[in-house]
Amino acid sequence: MKMTRRGLLGAASGAWATTILSKPVSAAAEFEFKLGVNTPDTHPLTVRLIEAARAIGAQSSGRLNVTVFPNSQLGGDPEMLSQLRAGGIELLAAPSMTLSTLVPLSGLPSIGFAFRSYDQVWAAMDGAVGDVVRDAIGKTGIVPMKKVWDNGFRQITSSSSRQLNSVDDLHGFKIRVPVTALLTSLFSGLGALPSSISYSELYSALQTHIVEGQENPLAQVSTGKLYEVQKYCALSNHCWSGYWIVANRRALASLPADLLDIVNTQFDTAADKERADLLAMDRSLQADLTGKGMTFNTPDPVRFRAALVKAGFYAQWQKTYGAEAWARLERYTGPLT
């Protein structure tokens with residue numbers, strides 16, 4: 001599982017590697033871990049991952065060096081997940097949507113129009129829903145950290161040709177979704193034409209009009225500069241999504257107990273900070289994006305949810321996830337079907 005410093009630096013861009021490794025690190029590091037993430041270096045997720053990596057290096061006195069590779073430098077999310085499972089990388093900040101291709105229950109918290117507030121989200125994810133998802137992830141041979149990180153409530157953006165105010169406006173709308181069955185099902189149920197495209201290819205897909213729009217939290221719209229190729233944003237809050245910090249089981253098992261404790265503690269501490277960062281950022285982003293030319297509107301979520309009930313969306317996913325997991329979710333959201 002060890003990799004040389006030369007190998008790590010060769011895989012990263014020179015400028016970024018210089019930034020990440022500007023701290024003094026012992027040349028005799030016992031363990032070298034790579035951590036992949038799809039977010040740009042300005043996103044709160046990336047910022048706090050780098051902070052955690054540095055804290056791990058400092059607290060371990062240089063015995064464990066974690067190098068963060070942002071902005072999909074190591075590949076798209078599906079590719080990085082495959083690398084993690086094979087041992088090519090040791091750590092991954094995996095979007096819950098992407099992880100659901102391997103661990104279907106990872107998508108449970110992202111059921112359409114389930115959560116209405118962060119109070120519900122964190123009660124569920126630090127409680128019974130998080131427990132059932134972590135258990136399912138662990139059964140696939142990768143190891144999740146205890147706390148899930150925030151990605152945010154997801155909104156729908158569109159090009160200048162279409163503003164989305166109602167369910168009818170989504171009929172025939174070509175929208176990019178992550179490579180996951182859940183959001184494909186959700187937007188199909190709303191009459192749209194979803195297309196699964198990796199986040200690393202999203203900007204170019206919008207720029208070349210392969211798709212008309214996309215859905216993501218506002219933080220992704222901002223840090224990914226999607227406002228350059230999208231005109232409208234419908235504040236749909238159609239689902240919440242997060243990031244799980246997951247590790248290759250063999251790599252994590254190679255760490256002695258004291259280093260393992262450092263890893264768990266630092267990532268979970270950083271998760272709490274990232275949650276607060278993203279909430280603060282989200283509160284200011286609408287004004288910021290308006291200044292960059294985007295126009296906002298707020299559709300009625302009741303009608304969207306009614307359309308999904310009619311389409312059989314909730315019944316389908318209740319059957320997929322099972323009665324027990326669904327009941328855990330409804331403890332926090334109330335009845336969904």
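User: Which residue is the bridge partner of Thr157 in β9?

Analyst: The bridge partner of Thr157 in β9 is Gln214. The model is predicted, so local features need pLDDT of at least 70 and side-chain atom pairs count only at pLDDT 80 or more, while totals for chains, interfaces and linings use all residues. Residues are numbered from 1 along each chain as its sequence is written, and side-chain values use heavy atoms, with hydrogens and water left out.

User: What makes β6 and β9 a pair?

Analyst: Two strands pair if DSSP finds at least two bridges between them. Strands are DSSP runs of E with at least two residues, and helices are runs of H or I with at least four, both numbered from the N terminus. Strand β6 (residues 155-158) and strand β9 (residues 213-216) share four bridges in the antiparallel sense; they therefore meet the criterion for pairing.

User: Why are β8 and β12 called edge strands?

Analyst: The open sheet of six strands runs β8-β7-β9-β6-β10-β12, with mixed pairing. Strands β8 (193-196) and β12 (295-297) each pair on one side only, and are the edge strands.

User: How do you know in which class Asn71 belongs?

Analyst: The relative accessibility of Asn71 is 49%, so Asn71 counts as partly exposed. Asn71 sits in the loop between β2 (64-69) and α4 (77-86), and its phi is positive, near 60°, although it is not a glycine.

Conventions: Buried < 20%, exposed > 50% of the residue type's maximum accessible area, 1.4 Å probe, protein only.
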